[in-house]
Amino acid sequence: MRGRRAGGGPRVDSRACIDLPRRNWLRQTARWLAIGFVAPPALAGCARALRSNADSVTVYTSVDDVLARTVLAQCEAATGVAISPLFDTEATKTTALEGRIRSERERPRADLFWSSEGFAVRRLARDGLLAPIPEGVWSAWPAPHRDPDRNWIAFAARARVVVTKVGDPSPTMWADLASPSLAARVQRPASTMIAVADPRFGTTGAHFAALDDAWRRAGDAGVEVPTLDAWLDGMRRNGVRVYQGGNAATVDAVARGECSFGLTDTDDALAAIARGLPISMSLPRSLPEGVSGGGTMLVPNTVAIVRSGPGQRDPVERVLAWLVSADSERLIADSPSRNLPLGPARSVDLPYAESDPLVFDALAASERAADLAVRAKARLEGSAALAAGVGR
């Protein structure tokens with residue numbers, strides 16, 4: 001359910017989730033949690049039986065372990081392909097797996113890279129480490145969510161959000177987090193106002209790079225927006241803490257009262273709400289009302305074929321095709337992560353929406369993201385030497 005706070009900012013809170021049709025929230029959440037969000041025994045047994053006579057496909061994935069294992073178990077049962085996943089930690093996420101694919105360039109060990117964000121696959125494609133997506137799968141996917149050069153497909157998106165305690169007002173613009181009046185918005189301001197995940201890993205750095213690109217272009221067009229470095233400086237003045245535990249840690253920091261505002265993704269926020277934590281989430285705009293393409297950033301999953309991977313091409317392509325199928329997107333949308341489908345079959349009932357997602361040059365942002373993230377962390381923590389020029 002999507003509501004609006006004063007000023008027009010969309011929000012979702014724990015009470016709103018309770019008001020959702022029970023068949024679409026409570027029943028789905030209870031079902032997933034009751035089974036531990038793993039494949040049913042019959043399905044798992046079917047997948048095991050197939051392993052003896054199916055080609056194996058190795059999938060490197062930065063998607064949350066429980067979600068990925070459930071989706072891949074369904075994929076095994078549907079395709080008859082045995083899948084061996086390799087995961088990474090919550091804190092390092094896609095960054096470490098991208099580095100591993102690069103280090104294995106001369107002898108690849110992964111067949112597919114299922115990333116929880118889109119910047120890494122763009123960089124890998126730029127450097128020639130990916131193979132073409134099958135024409136039939138690629139051409140059937142909506143053009144805005146596929147690589148024109150057939151290197152990757154984007155699907156099942158999260159959104160970047162701000163979490164607050166239930167009852168506290170949320171920012172309607174991302175720029176509001178740098179406002180000197182931010183503390184006045186909260187009845188019980190924490191000593192540290194803002195929680196941010198380490199931008200060197202995961203979606204936080206990608207978000208900063210996207211904002212930097214969008215604000216640069218908007219500023220050049222005469223739109224009143226901050227520069228990234230001014231925004232980071234403003235958050236530091238308001239009191240910011242960089243958490244090493246990823247986006248989930250920022251949600252927990254707000255729920256515990258350590259911080260008043262937390263930057264995170266919808267999956268972590270909704271999982272916390274489902275656990276009963278007293279938090280709300282809102283989707284601030286990146287650009288002023290009336291500027292098209294100025295909503296919050298969507299963070300899609302992406303899948304790509306690793307060039308010269310060890311698996312046979314046919315089973316690799318079958319796994320990829322299933323991951324971007326309607327069945328896969330519905331499964332992820334119905335899971336506790338509640339991701340927005342991006343493919344042709346989008347008829348799902350979710351507790352949030354973003355009709356005007358942020359538009360930015362994703363390739364340009366991805367190329368700057370790694371260096372910018374290091375400098376952004378330094379700027380947030382007050383290290384002037386390293387932070388110099390973060391938004392230039």
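Is the crossing of α10 and α11 left-handed or right-handed? I found the crossing of α10 and α11 to be right-handed (the near helix is turned clockwise from the far one by less than a right angle).

I note that this is a predicted model, in which local features need pLDDT of at least 70, side-chain atom pairs count only at pLDDT 80 or more, and totals for chains, interfaces and linings use all residues. Residues are numbered from 1 along each chain as its sequence is written, and side-chain values use heavy atoms, without hydrogens and water.

Entry on the helix pair. I looked up the axes (lines fitted to C-alpha atoms over the stretch in contact, with angles from 0 to 180 degrees between N-to-C directions) of α10, residues 247–256, and α11, residues 266–274; they come within 9 Å and cross at roughly 45 degrees. On the α10 side I listed Asn-247, Ala-248 and Val-251, which meet Asp-268, Ala-269 and Ala-272 of α11 (contact means heavy atoms within 4.5 Å). The residues of this contact divide into four nonpolar, one polar and one charged.

Entry on Thr-204. I located Thr-204 in helix α8, residues 203–220. Thr-204 has a relative accessible area of 0% and is buried (under 20%, 1.4 Å probe, protein chains only). Leaving aside neighbours within four places in sequence, I found Thr-204 in contact with residues including Arg-160, Asp-198 and Asn-247.

Entry on the chain. I recorded 15 helices and 12 strands (DSSP runs, H or I of at least four residues and E of at least two). Of the 392 residues, 57% count as buried.

How values were computed
Nonpolar A, V, L, I, M, F, W, Y, C, P; charged D, E, K, R; others polar. Buried < 20%, exposed > 50% of the residue type's maximum accessible area, 1.4 Å probe, protein only.
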